[in-house]
Amino acid sequence: MSLLLVFLFISLIQLVSHGDFRTFINGIIIFNLITFLLTAMPFTYPRWFGSLGGHPSDGLQLLRLLRET
């Protein structure tokens with residue numbers, strides 16, 4: 001979802017002229033890109049990560065699925 005939002009906001013930023021709103025959209029793009037990159041890495045979330053603690057990241061789940069086939 002975060003990668004889809006990156007592409008969506010990149011296409012939206014083409015329609016926006018310079019200004020504060022464009023800076024805000026750039027922030028959204030960067031935030032979602034970082035979120036995508038972090039969740040795409042294969043690892044198990046540490047305990048201090050709250051409700052995700054102990055669960056595998058999306059990247060680890062994908063890696064496990066690819067290894068099964």
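What radius of gyration does the protein chain have, and what would a compact globule of 69 residues have? The protein chain has 16 Å, whereas a compact globule of that length would have a value near 11 Å. The radius is taken over C-alpha atoms, and the globule rule is 2.2 Å times the number of residues to the power 0.38. This is a predicted model: local features need pLDDT of at least 70, side-chain atom pairs count only at pLDDT 80 or more, and totals for chains, interfaces and linings use all residues. Residues are numbered from 1 along each chain as its sequence is written, and side-chain values use heavy atoms, with hydrogens and water left out.

Start with the overall layout. The protein chain has three helices and zero strands. Its pattern along the sequence is α-α-α. Helices (H or I, at least four residues) and strands (E, at least two) are DSSP runs, numbered from the N terminus. Along its principal axes, the C-alpha trace spans about 45 × 30 × 15 Å. Of the 69 residues, 19% count as buried. Buried means under 20% relative accessible area, exposed means over 50%, and partly exposed lies in between (1.4 Å probe, protein chains only). Accessible areas come from the Shrake-Rupley method with a 1.4 Å probe; for residues, only the protein chains shown count as cover. Among contacts (heavy atoms within 4.5 Å) with a separation of 6 or more, 14% are between residues 24 or more positions apart.

Now look inside. The largest nonpolar core has seven residues: Val6, Phe9, Ile13, Val16, Ile25, Ile28 and Ile29. Helices α1 (2–13) and α2 (20–40) are the elements that give two or more residues to this core. Such a core is a set of buried Ala, Val, Leu, Ile, Met, Phe, Trp, Tyr and Cys residues joined through side-chain atoms within 4.5 Å. In soluble globular proteins, nonpolar side chains tend to be buried together. Phe9 is in contact with Ile25, Ile28 and Ile29, leaving aside neighbours within four places in sequence.

Asn32 lies in helix α2. Is Asn32 buried or exposed? Asn32 counts as buried because its relative accessible area is 9%. Leaving aside neighbours within four places in sequence, Asn32 is in contact with Ser2, Leu5 and Val6. Arg22 also has its place in helix α2. Arg22 is at 24% relative accessibility, so it counts as partly exposed. With neighbours within four places left aside, the contacts of Arg22 are Ile13, Val16 and Ser17. Arg22 and Leu12 are ten residues apart in sequence, and their C-alpha atoms are 9.4 Å apart in space.

Ile30, Ile34, Leu38 and Met41 make a nonpolar surface patch of about 380 Å². Patches are made of residues with over 30% relative accessible area and no salt bridge; like charges are joined within 9 Å, nonpolar side chains (Val, Leu, Ile, Met, Phe, Trp, Tyr) within 5 Å. A salt bridge is a side-chain nitrogen of Lys or Arg within 4 Å of a carboxyl oxygen of Asp or Glu. Leu38 lies in helix α2. Leu38 counts as partly exposed because its relative accessibility is 46%. Met41 lies in the loop between α2 and α3 (58–68). Met41 has a relative accessible area of 43%, so it is partly exposed.

Gly59 is in helix α3. Its relative accessible area is 11%, so Gly59 is buried. Which residues does Gly59 touch, not counting residues up to four places away in sequence? They are Thr39, Ala40, Met41 and Pro42. Gly59 and Met41 are 18 residues apart in sequence, and their C-alpha atoms are 4.9 Å apart.
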